[in-house]
Amino acid sequence: MRRGWGALACAAALTLVAAPLAAQEKTGNKPGFTLAPGTATIVLMRPEIAVGAQSTGGSYEPNADWTDQARENLGRALAEAQGKLGNRVVTHVEPVGQGAATAHEYRALFTALADSVITYQFFPGNRLPTKKRGDSFLWSIGSEVAKLPGVQGADYALFVTTEDHYGSTGRKLLQVFAAGVAGIGVSAGVHKGYAGLIDLKTGDLVWLNADLAMGGDVRTPEGAAKRVSQLLEGFPGKPVEAPVAPAAPTKTAAR
Amino acid sequence: MAGWIIAAALAGAALGAGASDRLAPLPPYGTAYTPTTVDERGLWQQADEAERDLRDSPAVVRDPALNAYLTKVLCRSVGEDRCRGVRIYVVRAPVFNASMTPNGMMVVYTGALLRLRDEAELAALLGHEFGHFEMRHTLASFRRGRTIGDIIAWTSVLSPYSTLPASLIQLHFSYNRAQEAEADLMGLRYLAAAGYRPLAASRIWERLMAEQDATALGRKRHVTHRYSAGFFADHPTELARATYLREAAGADGERGDDSRDAFLTAMRPWRASFLADQIKLNDFGGSEYLLGELAGGQWTPDLLLTRGELYRERGNPRDLVSAAQFYQQAIDAGCTDPIAWRGLGLSLLRGQQEAAGRAALKTYLERAPQASDRAAMAMLIGEGGVQ
């Protein structure tokens with residue numbers, strides 16, 4: 001009963017380290033998908049945000065204050081960015097009771113789907129046989145998603161996830177020491193995030209942007225704005241130039 | 001060398017920890033307790049997020065009567081003032097387990113409820129989990145695990161062939177086992193203070209060992225109960241727990257109340273569904289042992305029906321003969337669940353008793369006209385379907 005493995009697993013796996021992520025692709029689009037500006041309504045689901053520190057041994061130390069700051073900053077940055085996405089973006093109002101259970105299941109399902117895309121499509125050397133052709137970005141969470149409470153009348157759902165482990169002083173010391181004295185590479189910090197767009201009529205994933213080494217310190221408003229702009233890089237239907245519509249005042253849903 | 005490594009590692013760990021390490025003086029079960037340190041606040045927030053998801057999960061059994069009963073037993077066991085800091089979630093999973101998060105979320109599996117015999121045993125289990133909460137075990141384990149991880153990180157850079165990491169990993173798991181033993185003994189103290197029978201705590205583990213033996217026998221595996229735990233075990237062995245709990249219960253461990261009737265009354269509406277989940281585990285030996293334990297010589301209709309299903313699932317020719325007998329006994333003893341006739345019919349059909357089998361299946365369809373397997377059963381009777 002209960003926990004325990006993470007810290008030691010990380011420490012043991014510290015036998016190091018950091019497979020080069022250079023060959024990784026970051027963005028995928030469903031073949032043939034286009035989204036013209038001003039034609040669709042997009043629901044922004046409650047973002048998944050976790051911020052903490054990384055101990056010397058590499059284990060994640062959750063930090064409630066940083067996570068709260070990031071939620072606030074990212075919420076504001078997303079609200080500002082919404083006006084610039086070229087289509088109407090509304091914030092999902094979390095249902096209660098049975099609907100909340102369904103919403104949670106779809107959030108988990110999207111995370112599983114995005115992880116699969118990152119593992120089996122974005123790493124060209126690791127592609128599944130069915131994903132090897134150029135036009136094979138075909139992933140779906142199923143058309144039942146249309147029945148999810150709170151998305152009726154909308155065309156697309158936008159999911160956003162970020163996870164940050166800021167390297168502690170001890171971790172950075174270890175990194176410098178390991179590189180300088182022992183000649184071993186030790187990574188400090190984990191900063192990953194992804195954003196994806198689901199077609200609510202078919203459940204298909206039409207766009208995914210994933211980055212395992214993101215920039216921007218989400219604990220500050222400026223950093224959060226940078227992070228959001230990286231997350232939404234290549235967002236379909238985004239006008240090249242300045243915003244077409246003024247930013248609607250929106251708040252991220254409090255659960 | 002080793003001393004120097006540890007000194008450097010501890011310095012690194014201290015630099016990494018940074019913020020204040022002082023814990024709030026109040027106990028975590030107090031009303032609206034708010035954690036103050038960075039670590040405890042972080043762990044509570046993580047647990048809060050997990051609880052939001054569990055709260056809405058379809059795996060949670062939300063029956064008000066069952067939940068009220070568990071809360072009542074917890075409150076009697078640990079005290080009215082303490083139990084208010086805990087939310088209990090009954091999760092549908094047919095294995096023996098329960099868990100506790102640092103923010104007061106307690107999870108009890110339905111498999112545990114099926115295996116407990118009386119209220120005193122339930123109180124022992126709830127008191128054990130409450131002990132983890134009260135003693136802030138998750139926080140302590142998190143901090144120790146982090147320090148150990150830090151030392152291992154430095155060691156693996158400075159002295160890659162050192163055996164120190166192996167000893168530290170062993171230390172970490174033995175710390176966790178010590179926490180479990182501490183929670184066991186706290187649960188026992190609550191049990192005795194609330195007037196429950198103290199020996200109930202050790203009985204749980206004795207029966208669990210017997211069930212593991214039956215499972216192993218059914219799977220033709222060898223099992224030996226050991227007193228000492230393995231290298232990576234995060235709990236003491238069942239044998240060790242049964243032994244120290246029996247010793248700690250003392251000479252008058254039988255004194256006290258077990259409230260068996262209240263427990264059975266609370267579980268009665270649930271037992272059939274818990275049993276149905278149990279036999280899907282494909283664990284013939286363990287399930288057969290558990291059914292015998294639950295019956296205790298008095299085979300009730302729900303137990304007979306489950307036993308019939310268990311034997312029919314294994315499906316050797318001799319099992320089908322036994323299964324048909326169990327279904328018939330269940331029906332004779334007053335079972336009203338239509339699946340008894342389905343099981344009887346299918347067992348008889350496969351045992352070459354076609355007329356009797358068809359008659360039983362007909363009764364099944366009469367009693368359950370909306371059954372989802374109606375078409376298949378009708379085909380077996382010869383009344384339609386694809387021939």
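Below is a short chat about the strands, helices and domains of chains A and B in a predicted model.

Q: What should I know about numbering and confidence before we start?
A: Residues are numbered from 1 along each chain as its sequence is written, while chains are lettered from A and ligands numbered from 1 in the order in which they are written. This is a predicted model, where local features need pLDDT of at least 70, side-chain atom pairs count only at pLDDT 80 or more, and totals for chains, interfaces and linings use all residues.

Q: How is chain B divided?
A: Chain B has domain 1 (2–249) and domain 2 (299–387), with bounds from an automatic or database domain assignment. Taken over C-alpha atoms, the centres of the two domains are 44 Å apart.

Q: Which residues does the Peptidase M48 annotation cover?
A: The unreviewed UniProt entry puts "domain: Peptidase M48" on residues 86–248 of chain B. UniProt positions are in the numbering used here, feature names are shortened, and annotations may be inferred rather than shown by experiment. That span is 64% helix and 8% strand, with its end C-alpha atoms 26 Å apart. Helices (H or I, at least four residues) and strands (E, at least two) are DSSP runs, numbered from the N terminus.

Q: What is the strand order in the chain B sheet?
A: The order is β1-β2-β4-β3, an open sheet with mixed pairing; two strands pair if DSSP finds at least two bridges between them. At the edges are β1 (60–61) and β3 (98–100), each pairing on one side only.

Q: How many bridges join β2 to β4 there?
A: Five, between residues 87–91 and residues 105–109 of chain B, and the strands run parallel. B:Ile88 is opposite B:Met106.

Q: Switching to chain A, which residues partner A:Val43?
A: A:Val90 in β5(A) stands opposite A:Val43, and A:Ala157 is its bridge partner in β6(A). Strand β2 (residues 41–44) runs parallel to β5 (residues 88–91), joined by four bridges. Three bridges join β2(A) to β6 (residues 156–167), also parallel.
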